[in-house]
Every structure is written in C-alpha cells, then in structure tokens.
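Subject: Structure for your files

Hello,

Here is the structure I said I would pass on. My notes on it follow below.

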Amino acid sequence: MIDFYKHLRRIADCPSKLYKNFRVILLTFFTVNSSGIRLLRMLKASGLMLGVFFAFILLVVVIVVIVPDAREMLVTRTPSLQNDPSLKIEPFYERVIESTDKAVQSRTRKYNSLTPNQQYLVVNTTANHFFLYRGNTLIRQGFCSSGSYIQLKSNDDREWFFKTPKGMHRIQGKITSPVWRRPDWAFIEEGLPVPSYDHPSRYEAGVLGDYALSLGDGYLIHGTIYKRMLGMPVTHGCIRLNDEDLESIFKALNVGSKVYIY
Amino acid sequence: MENTNIQPSIAERQKSPPRKSLKWLFRLLFLFIAVFILFYFIMSAMATLRWVKNFNKEYTFEAPDSDPLDPRLFSDSAFISLQKQLSFSQARLDMAHPDSIGLSINLANSTMNLEIEGVTVHTTHIISYRVSRSIYGLDHYALARMLSEPLLISESSATIPKEPIMVKKAPKDTIEATLPDIMPDTSTVVPVFFRLSFKNDFQLLVLQEETIMSMQMRKRFVFLCRIRFANAWKAIKDVIRFRVPTYSPEIRIIIPSSDARIIYRALPENGMAALMV
C-alpha cells in the first residue's frame with residue numbers, strides 16, 4: 001500500500017501558504033484511508049475539541065432544562081384537604097359554610113345578571129363569525145366580514161387603519177336603504193383623485209345592502225355586494241353580513257342593543 | 001533530508017509544555033463550571049422555596065386574637081372548595097367592570113372563556129393542562145385568596161402577531177390600484193403557541209393541540225426553547241450578581257388550534273384573567 005501519509009508530510013514542508021492551510025485536512029483524509037491506528041490517533045487529537053463541544057451542550061442542558069425542572073422537586077406538597085367529621089359537628093362550622101355559600105351564590109347571581117336579557121350580537125373578528133343571542137339562547141349564527149388590518153398610507157402622509165374596534169358597543173342608529181358616502185380613503189385606495197367634500201361622486205347607493213346599523217365613529221353593520229368574501233377579513237372596519245342575516249339582525253336589534261366584538 | 005526536517009517538528013509539538021498547561025486550564029475550567037452549576041442550582045432552588053414561603057406568608061389568613069378561627073377549617077375540603085368558587089366569582093366580577101376583554105380559566109371544569117363586561121362570548125374546552133409543582137406547595141386558602149383578584153397581563157409573546165397588520169402604499173393611479181400588492185395573512189396556517197406573563201409572576205403557556213405535523217412540532221420546540229433560554233438567561237444574570245433569581249410558576253394549557261388563535265388575538269396587551277386552580 002502506498003504510504004500517502006509519509007508522502008504528504010513531505011509536501012507539507014512546502015513553503016506555499018495554500019498547502020499549509022490544507023495540509024491538516026489532507027493528512028487527516030489520507031490517514032483515515034491508510035490505517036485504522038492512524039484513525040485512532042486522529043480521534044485522540046480531535047477528542048479534546050469534541051469533549052469541549054459535548055461539555056458545552058451538557059452545560060446548556062443542565063442550566064436550561066435540568067436545574068429549572070429539578071428545583072421544583074424540592075417543594076413539599078401541601079397536605080391534601082381533609083373531610084374531618086369532628087369539625088363538622090362544631091357549632092361554628094355550619095355558620096361559616098352557610099355564609100360562604102351565600103356569598104358565592106350572590107356573586108354568581110350578580111355575574112349572571114350582566115348578560116342582557118334582550119337580543120345582542122357577538123362578533124368574532126378572527127374567525128369572522130357572528131352569533132345573535134337572546135339571553136343565553138343562540139338565535140342565529142353565520143359568517144360575516146370584519147376589518148382587514150390593512151394600514152393604508154397616502155402619498156401626502158395620511159394614514160388609515162382598517163380594523164374593527166373590539167369591546168362592547170351599542171347600536172347608535174338604524175338606517176333603511178343606506179347610501180354610502182365614500183370617505184377620502186375610498187378614492188386614495190383606488191388611485192383616484194379625491195373629490196370635494198360634497199361632490200356627487202362620493203355618494204353610492206345599493207352597495208351597503210338594504211339596512212345598516214350604526215355602532216358610532218363611522219362603523220356600521222351593513223350588507224355587501226361581495227358575498228363570496230364573507231368569512232374573510234376584508235372590510236375597512238365595518239361588519240358585513242349577507243342579506244338574510246342582515247335583515248334578521250336589523251329586526252332583532254334596537255337602538256341601544258349591545259354588540260360584543262372580540 | 002526533507003524527512004528528518006518534518007519528523008522532529010511533529011514530535012516536538014506533541015510533547016510541548018503548552019499542551020500540559022492546556023490540560024490544567026481545562027481542569028480548572030471544568031472545576032469552575034461544576035462550582036457554578038452547583039451555585040446556580042442552589043440559588044434556583046432557593047428562589048422557588050422562597051417564592052412559596054413568601055406567597056403563603058402574604059396571603060395566609062390571620063385571624064384576630066379576639067376571634068380566633070379553628071385551624072382545621074383551612075384544610076377542610078368543603079370550606080376550601082367554596083372559597084375557591086368565591087374567589088373565582090369575585091375575580092370575574094372585578095374583571096367585568098372595565099370595558100375590556102378578559103380571560104377566565106377554570107381548570108376545575110377544564111374550560112376557558114373570553115368575557116366582555118361579564119358576558120361570555122367564547123368558550124373553549126381545555127384538552128389538558130399541567131401546573132408547576134410549586135403551586136401544589138401553596139397553602140390552599142392562600143392560593144384561593146390570591147386568586148380573588150384578576151391577574152394582570154404584563155407581557156405576552158406568541159408565534160403569531162397580535163394584529164396581522166399589512167402596510168399598503170396608496171397607488172398612484174387606477175392601473176396600479178388593480179395590481180395585487182398585499183401579502184396574504186399566513187398566520188392562519190402557522191401553529192399557535194403563546195405565553196402570558198402576569199404581574200404576580202405567574203406564567204400561562206397556551207399551546208395548540210399537538211399533531212404529528214413536523215412544522216408544528218418544530219415551532220413548538222423552538223417556542224418552548226426560547227422561553228426556557230430567556231428564563232435561564234434572566235436567572236444567570238441574577239446568580240452572577242449573587243442575587244436570588246425571580247421564580248415564575250407556570251401553568252401550561254393545551255387547547256384546539258382555532259381557539260388558541262381567537263383567544264390570543266382577542267386579548268388586549270394589558271388584559272386581565274381570572275383563574276381557578
């Protein structure tokens with residue numbers, strides 16, 4: 001067998017920098033090929049580096065995983081709860097239990113009274129679903145569309161954020177056959193010049209459906225001509241519904257009815 | 001001649017004194033690391049035990065001397081069960097006051113609700129949960145008492161953005177307006193894992209139900225690693241300053257993916273949560 005190892009050692013003495021840089025790799029490669037003993041030698045040499053590497057990994061595992069989990073093992077568990085019959089015959093026991101129970105019931109009643117007895121609407125803006133309730137009874141549910149979360153930036157440094165406001169809102173007004181008065185962003189978004197405040201091109205009938213319910217601050221619950229977009233977040237902050245759902249919600253909710261948006 | 005030039009140089013290198021000093025250096029380093037780990041463990045254990053002790057001390061019941069209560073009452077199952085219910089109801093009532101979206105977590109009946117002004121708007125079933133062992137070391141009454149107030153969210157992190165905001169530059173003309181320029185929100189396919197840190201050191205980890213999809217497993221691993229590394233880094237910084245690190249007990253909850261996304265998106269940055277353990 002040709003002793004590549006011996007041969008390469010001779011080459012390694014060459015003054016060329018390139019050879020000096022690569023000689024370790026070449027020597028290693030040919031050592032592995034030439035004999036198993038040399039492989040062991042190489043492992044011994046590189047063992048130090050491997051040892052350091054594994055020690056580092058072990059250190060990380062100990063600090064990040066083992067210690068945080070192990071420290072909790074030192075906590076002694078609180079003795080489990082008792083059902084002591086001797087306590088139950090004490091005169092104060094019944095009094096304490098009764099008063100605590102009354103306090104629980106009173107708070108539960110108070111909490112339950114917060115749910116409106118009238119119809120109210122719940123809108124889930126993540127799944128784009130709506131739920132119409134009366135008390136705790138679900139009357140109707142379906143798809144809707146809510147704010148797209150688009151932040152529109154105009155060339156004259158104006159900004160609009162198309163997001164449906166979350167929280168509790170009340171119906172501020174009910175409109176039949178609404179006409180949409182297009183705001184500035186509706187023109188800017190389409191690359192059109194913004195007309196004057198009362199320009200006829202701002203008014204568009206039919207695009208909001210047959211009904212609209214106002215939530216205040218310009219936000220509406222209305223119909224849509226883009227019915228296939230229902231269930232997706234595509235609006236400018238309003239809540240869009242299909243014609244049938246809109247009609248039942250319009251009839252069910254009154255001015256002052258609550259709308260919960262989350 | 002060439003041969004004789006190389007052979008001694010390698011031999012010299014193998015038996016050179018720096019090698020020996022390197023060995024000593026490694027031995028010293030190993031000793032230093034071992035001592036540090038021991039110190040780190042002692043300080044971490046102290047942090048946990050101290051947290052439990054302080055918690056029990058802060059929230060335990062102190063009866064007035066004029067009207068002492070039987071101590072057996074505080075280990076009575078019926079009394080403690082009622083106290084827990086009372087605390088949970090009180091916390092939910094307090095949470096209902098401000099115009100905000102709150103989260104109520106009932107581990108006893110495995111439900112998690114989103115609530116707005118006392119109205120439950122969304123309910124999800126908790127598939128499984130795990131509570132830090134230190135919580136079981138707390139006094140039953142002290143824990144019930146602490147949970148009678150809603151927990152305030154101080155920090156949150158997740159694999160999805162809270163609001164999937166997309167910035168759109170206004171088009172110059174109608175032709176440019178027709179071009180699709182908005183990247184779709186891909187967060188609907190991204191696995192949802194989120195962490196809520198509360199002001200009283202509690203941490204809530206919400207993980208979506210596990211599946212065998214490799215992307216989900218990888219995301220979950222990375223998310224949990226990131227939390228562990230962040231906690232460890234914080235603890236190390238305290239330990240090297242000879243300070244007892246802060247301890248945060250953890251509640252880990254697994255819920256369906258769609259619900260995890262809805263809950264995280266709905267909760268405000270500094271929202272509130274009511275908890276029943």
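Over all chains, the count comes to 16 salt bridges, a salt bridge being a side-chain nitrogen of Lys or Arg within 4 Å of a carboxyl oxygen of Asp or Glu. This is a predicted model, in which local features need pLDDT of at least 70 and side-chain atom pairs count only at pLDDT 80 or more, while totals for chains, interfaces and linings use all residues. Residues are numbered from 1 along each chain as its sequence is written, chains are lettered from A and ligands numbered from 1 in the order in which they are written, and side-chain values use heavy atoms, with hydrogens and water left out.

Salt bridges

Asp69(A) and Arg228(B) form one of the salt bridges, with the closest N and O atoms 3.2 Å apart. Asp69(A) lies in helix H3 (residues 36–70) of chain A and Arg228(B) in helix H7 (residues 214–239) of chain B, so this pair joins two chains. Helices (H or I, at least four residues) and strands (E, at least two) are DSSP runs, numbered from the N terminus. Asp69(A) is partly exposed at 36% relative accessible area, and Arg228(B) is partly exposed at 24%. For these labels, buried means under 20% relative accessible area, exposed over 50%, and partly exposed in between (1.4 Å probe, protein chains only).

Within chain B, the side chains of Arg195(B) and Glu155(B) meet in a salt bridge at 3.7 Å, N to O. This pair links distant parts of the chain, with Arg195(B) in strand E7 and Glu155(B) in strand E5, 40 residues apart. Arg195(B) counts as buried because its relative accessibility is 10%, whereas Glu155(B) is partly exposed with a relative accessible area of 44%.

Glu250(B) also forms a salt bridge with Arg252(B), the closest N and O atoms being 3.2 Å apart. Glu250(B) counts as buried at 18% relative accessibility, and Arg252(B) counts as buried at 14%. In chain A, a network of salt bridges links Asp156(A), Arg158(A), Asp184(A) and Arg202(A).

The interface of chains A and B

80 residues of chain B are in contact with 76 residues of chain A, contact meaning heavy atoms within 4.5 Å. The area buried between the two chains is about 7000 Å², of which carbon and sulfur atoms give 65%; buried area is the accessible area (1.4 Å probe) that two parts lose on being put together, summed over both.

Across this interface the rule finds 4 salt bridges. Lys88(A) forms a salt bridge with Asp76(B), the closest N and O atoms being 3.6 Å apart. Helix H3 (residues 77–96) of chain B gives the most to the side of chain B that touches chain A, with 13 residues. By class, that side of chain B has 42 nonpolar, 19 polar and 19 charged residues. Here Ala, Val, Leu, Ile, Met, Phe, Trp, Tyr, Cys and Pro count as nonpolar, Asp, Glu, Lys and Arg as charged, and the others, Gly among them, as polar.

Strand pairing

Which strand of chain B pairs with strand E4 (residues 150–153) of chain A? The partner is strand E6 (residues 166–169) of chain B, in the parallel sense over 4 bridges. Two strands pair if DSSP finds at least two bridges between them. The bridge partner of Ile150(A) in E6(B) is Met166(B).

Strand E5 (residues 151–158) of chain B runs antiparallel to strand E7 (residues 193–198) of chain B, and 5 bridges join them. In E7(B), Phe198(B) is the bridge partner of Ile153(B). E5(B) also pairs in the antiparallel sense with strand E10 (residues 272–276) of chain B, over 2 bridges, and there Leu152(B) has Met272(B) as its bridge partner.

Trp185(A) is in helix H6 (residues 184–189) of chain A and counts as buried at 14% relative accessibility. Leaving aside neighbours within four places in sequence, Trp185(A) is in contact with Leu152(A), Trp160(A), Phe162(A), Trp180(A) and His236(A).

Tyr149(A) is not a glycine, yet has a positive phi of about 65°. Tyr149(A) sits in the loop between strand E3 (137–143) and E4 of chain A and is buried, with a relative accessible area of 7%. Ser177(A) likewise has a positive phi, near 45°. Ser177(A) lies in the loop between strand E7 (173–176) and strand E8 (179–181) of chain A, and counts as exposed at 53% relative accessibility.

Regards
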